[in-house]
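Thanks for coming, everyone. I'll walk through one structure today. Please have a look at it first.

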Amino acid sequence: MKAAVIESVGKAVVAEVPDPTPGPREVVVEVAACGLCGTDLHILQGEFAPTLPIVPGHEFAGEVVGVGTQVTEVTVGDRVAVDPSLYCHECRFCRNGQNNMCESWAAIGVTTAGGAAQYAVAPVANCVRLPEHVRTADAALIEPLSCAVRGYDVLRTRLGAHVLIYGSGTMGLMMLELAKKTGAAGVDVVDVNPARLEAARTLGVSASAANADELDRPQGWDLVIDATGNAAAIQDGLGRVAKAGTFLQFGVADYAARVTIDPYRIYNQEITITGSMAVLHSYERAAELFANGVLDPDVFISDRVPLDQYPQALEQFASGVGRKILVVP
């Protein structure tokens, strides 16, 4: 079969690889679409994936075309979205329900072959059937949405909060939609990319700007979310949190990124700084929210690119052009 392969640091190609074979409790999915994510760029940079080469792609959906000998939950022909998370279920974090902190954490498309291919293998337990009205290719958005849902689980936000989001790429826009749905009094967005900022305005923001200094809220925001992973944005956002407010590190920063904090201010103003890592008991809920129309796929998906153009799609994504880019085998 044809698949994208990150062969080595900085090198992605499209190549022929062996067709996957399911284990007893696994299924083979014919991929309808696979989303590109910042994690894929980190893998290309030599981060996250423990070994290269790897077939990337952890955001995907498709049709079941093969099942293992012990699979009864789905049948050939079912359309599914796939949760890429792979946990050991044995370490102390898994036993405490903190599976995303698993000491043997793994993921389809990160540690094992993923969905940037014609076919992908997944545990049947990770497959969520799609209702008839959901387009299979659009369902690649469920995985990033499940990360956003996890972010809001961490926040336990109150009604009437004033929210500031750094970044209006896919994840920033998803956090915007969830902020609106969870009763925010106002949601402001900052981004240096005019095209992406326009997408945020399309979805409806209280205010938007290229710099938070342009926004009229001198007392700060109850909730500040970084969805960029950019050190300068993170540093600026930390200074925008209101008294008793919360800063969420949601964007994936480079390993080497560093910012400074003011410990006295954190103490004196009771500021909370927290993070959200990937998916945790949120994929099925995201699938249901998606089926109920929490996102408009036509707004979020900017490009559908043939698998043959995977390296070029990565370059486009890295340049900040577009929103969610889907690779279509």
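**Ring pairs and helix packing**

There are two aromatic pairs in the structure. Rings of Phe, Tyr and Trp (its six-membered ring) pair if their centres lie within 6.5 Å. In the pair of Phe48 and Tyr255, the ring centres are 5.9 Å apart and the planes stand at 45 degrees, so this pair is tilted. For the terms: planes under 30 degrees apart are stacked, over 60 edge-to-face, and the rest tilted.

Helices (H or I, at least four residues) and strands (E, at least two) are DSSP runs, numbered from the N terminus.

Buried or exposed? Tyr255 is exposed, at 51% relative accessible area. Phe48 is partly exposed, at 32%. The cut-offs: buried is under 20% relative accessible area, exposed is over 50%, partly exposed is in between (1.4 Å probe, protein chains only).

A word on the source. This is a predicted model, where local features need pLDDT of at least 70, side-chain atom pairs count only at pLDDT 80 or more, and totals for chains, interfaces and linings use all residues. Residues are numbered from 1 along each chain as its sequence is written, and side-chain values use heavy atoms, leaving out hydrogens and water.

Next, Tyr119, in strand 8 (residues 119–123). Tyr119 is partly exposed, at 27% relative accessibility. What does Tyr119 touch? Leaving aside residues up to four places away in sequence, Tyr119 touches Met1, Pro20, Val28, Val29, Glu30, Val31, Val65 and Gly114. Contact here means heavy atoms within 4.5 Å. Tyr119 and Val29 are 90 residues apart in sequence, yet 5.5 Å apart in space, C-alpha to C-alpha.

Now the helices. Helix 4 (residues 170–181) packs against helix 5 (residues 194–203) at about 20 degrees, axes 10 Å apart. Axes are lines fitted to C-alpha atoms, for helices over the stretch in contact, and angles run from 0 to 180 degrees between N-to-C directions. Helix 4 contributes Leu173, Leu176, Glu177 and Lys180 to the contact; helix 5 contributes Ala199, Ala200 and Leu203.

Last, helix 3 (residues 142–155) and helix 8 (residues 283–291) pack at about 115 degrees, with axes 8 Å apart. From helix 3, the contact residues include Leu145 and Val149; from helix 8, they include Leu289 and Phe290.
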